[in-house]
Amino acid sequence: MEATFFMNIKDLYYFQRLISTQSYTQTAADFHVSQPTISQAIKRLERHFQVTLFFRQAKTKALVLTPSGQQLLLAANDIINNWQHVNESISHLRQHTLRFGIEPSVSEHYLPALTKPIIEQDLLSSVHTVEMGANQLVKQVLAGQLDLAISGNLDQTLDERLAVTPLRPFKFRILANVAHPLAKAEHPTFAEALKSPFVLLNATYLNKLVFRQLAEQLSIEPQVLFESDSSTLIKGLRD
């Protein structure tokens with residue numbers, strides 16, 4: 001009959017912090033425990049895996065990870081991050097709070113439709129909404145800081161840890177002066193538009209992401225004069 005090993009996640013916390021601080025004394029102080037508690041945790045891990053996790057360098061006294069120690073540290077980082085995310089998620093569920101993120105340029109298309117039923121069901125106080133760029137939304141969802149997000153993205157190779165549901169598409173417009181050849185063309189293409197210099201909304205907005213992705217698909221390097229966070233300024237420049 002095989003013995004079952006029940007690992008205390010605190011041992012992984014101690015191991016992770018010890019490698020970070022390089023000090024048993026500091027690690028014990030950080031967790032408000034005795035130094036032998038840290039030593040015993042390391043011994044438990046080494047006994048279980050039947051390896052030496054690190055050794056102390058003679059000259060510098062630094063703790064140097066063995067290959068097994070390096071592998072365990074990578075795993076410990078993942079386990080601890082996931083454990084923290086689970087705790088945060090359960091805490092928010094206990095408080096009946098939904099953390100919802102949306103891109104500024106997408107919010108005008110979706111937020112009104114989403115807000116109406118939330119208000120009708122008297123759930124406004126249970127929904128915390130933030131606006132931010134696409135890349136930041138992805139990072140915060142993966143980090144467990146957001147429960148869900150709405151983002152406009154042409155990239156189909158998003159992180160596999162994300163559950164992605166396509167929503168209805170909407171159109172983007174290229175603004176041009178009435179005298180510009182594009183304005184006179186019956187069916188202008190994006191490839192034709194890329195022959196002209198552009199002024200873009202900055203990275204906070206979906207427009208820039210879509211613009212860059214479309215340009216990459218066409219293998220065209222666009223001419224970008226400058227970027228701004230003011231949609232009013234962008235519209236004014238076409239005149």
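Leaving aside its neighbours within four places in sequence, with which residues is Thr66 in contact?

**Figure 1. Surroundings of Thr66 in the predicted model.** Thr66 lies in the loop between strand β2 and helix α4 (67-94). Leaving aside neighbours within four places in sequence, the residues in contact with Thr66 are Thr52, Leu53, Phe54 and Phe55; contact means heavy atoms within 4.5 Å. Thr66 is buried, with a relative accessible area of 13%. Buried stands for under 20% relative accessible area, exposed for over 50%, and partly exposed for values in between (1.4 Å probe, protein chains only). Helices (H or I, at least four residues) and strands (E, at least two) are DSSP runs, numbered from the N terminus. The model is predicted, and local features need pLDDT of at least 70, side-chain atom pairs count only at pLDDT 80 or more, while totals for chains, interfaces and linings use all residues. Residues are numbered from 1 along each chain as its sequence is written, and side-chain values use heavy atoms, with hydrogens and water left out.

**Figure 2. The protein chain as a whole.** The secondary structure of the protein chain comes to ten helices and seven strands. Of the 239 residues in the protein chain, 27% are buried. Among contacts in the protein chain with a separation of 6 or more, 62% are between residues 24 or more positions apart.

**Figure 3. Packing of helices α1 and α2.** Two packed helices are described by the angle between their axes and the distance between the axes. Helix α1 (residues 9-21) packs against α2 at an angle of about 130°, and their axes are 8 Å apart. This angle makes α1 oblique to α2. Axes are lines fitted to C-alpha atoms, for helices over the stretch in contact, and angles run from 0 to 180 degrees between N-to-C directions. Angles under 35 degrees count as roughly parallel, over 145 as roughly antiparallel, 65 to 115 as roughly perpendicular, and the rest as oblique. The crossing of α1 and α2 is right-handed; a crossing is left-handed if the near helix is turned anticlockwise from the far one by less than a right angle, and right-handed if clockwise. On the side of α1, the contact is made by Tyr13, Tyr14, Arg17, Leu18 and Thr21, and on the side of α2 by Tyr24, Gln26, Thr27, Asp30 and Phe31. These residues divide into five nonpolar, three polar and two charged. Ala, Val, Leu, Ile, Met, Phe, Trp, Tyr, Cys and Pro count as nonpolar, Asp, Glu, Lys and Arg as charged, and the others, Gly among them, as polar.

**Figure 4. Packing of helices α2 and α3.** Helix α2 (residues 24-31) and helix α3 (residues 35-49) pack at an angle of about 105°, and 8 Å separates their axes. The two helices are therefore roughly perpendicular. Tyr24, Thr25, Thr27 and Ala28 of α2 make the contact with Gln35, Ile38, Ser39 and Ile42 of α3. Four of these residues are nonpolar, four are polar and none is charged.

**Figure 5. Leu12 in helix α1.** Leu12 is found in helix α1 and, at 3% relative accessibility, counts as buried. Leu12 and Ile79 are 67 residues apart in sequence, and their C-alpha atoms are 8.5 Å apart in space.

**Figure 6. Two loop residues with positive phi.** Most residues other than glycine have a negative phi. Gln22, in the loop between α1 and α2, has a positive phi near 60°. At 27% relative accessibility, Gln22 counts as partly exposed. Lys61 is placed in the loop between β1 (54-56) and β2 (63-65); its phi is also positive, at about 65°, although Lys61 is not a glycine.

**Figure 7. The open sheet of β4, β3 and β5.** Three strands form this open sheet in the order β4-β3-β5, with parallel pairing; two strands pair if DSSP finds at least two bridges between them. The edge strands, β4 (127-131) and β5 (148-150), each pair on one side only. Neighbouring strands are turned by 25° against each other on average, direction ignored. Strand β3 (residues 98-102) pairs with β4 over five bridges; Arg99 has His128 of β4 as its bridge partner, and Gly101 has Val130. Three bridges join β3 to β5, where Ile102 stands opposite Ile150. Four of the five residues of β3 are buried, so β3 is largely enclosed by the rest of the structure. Helix α6 (residues 134-142) lies across β3 and β5 and runs at about 165° to β5.
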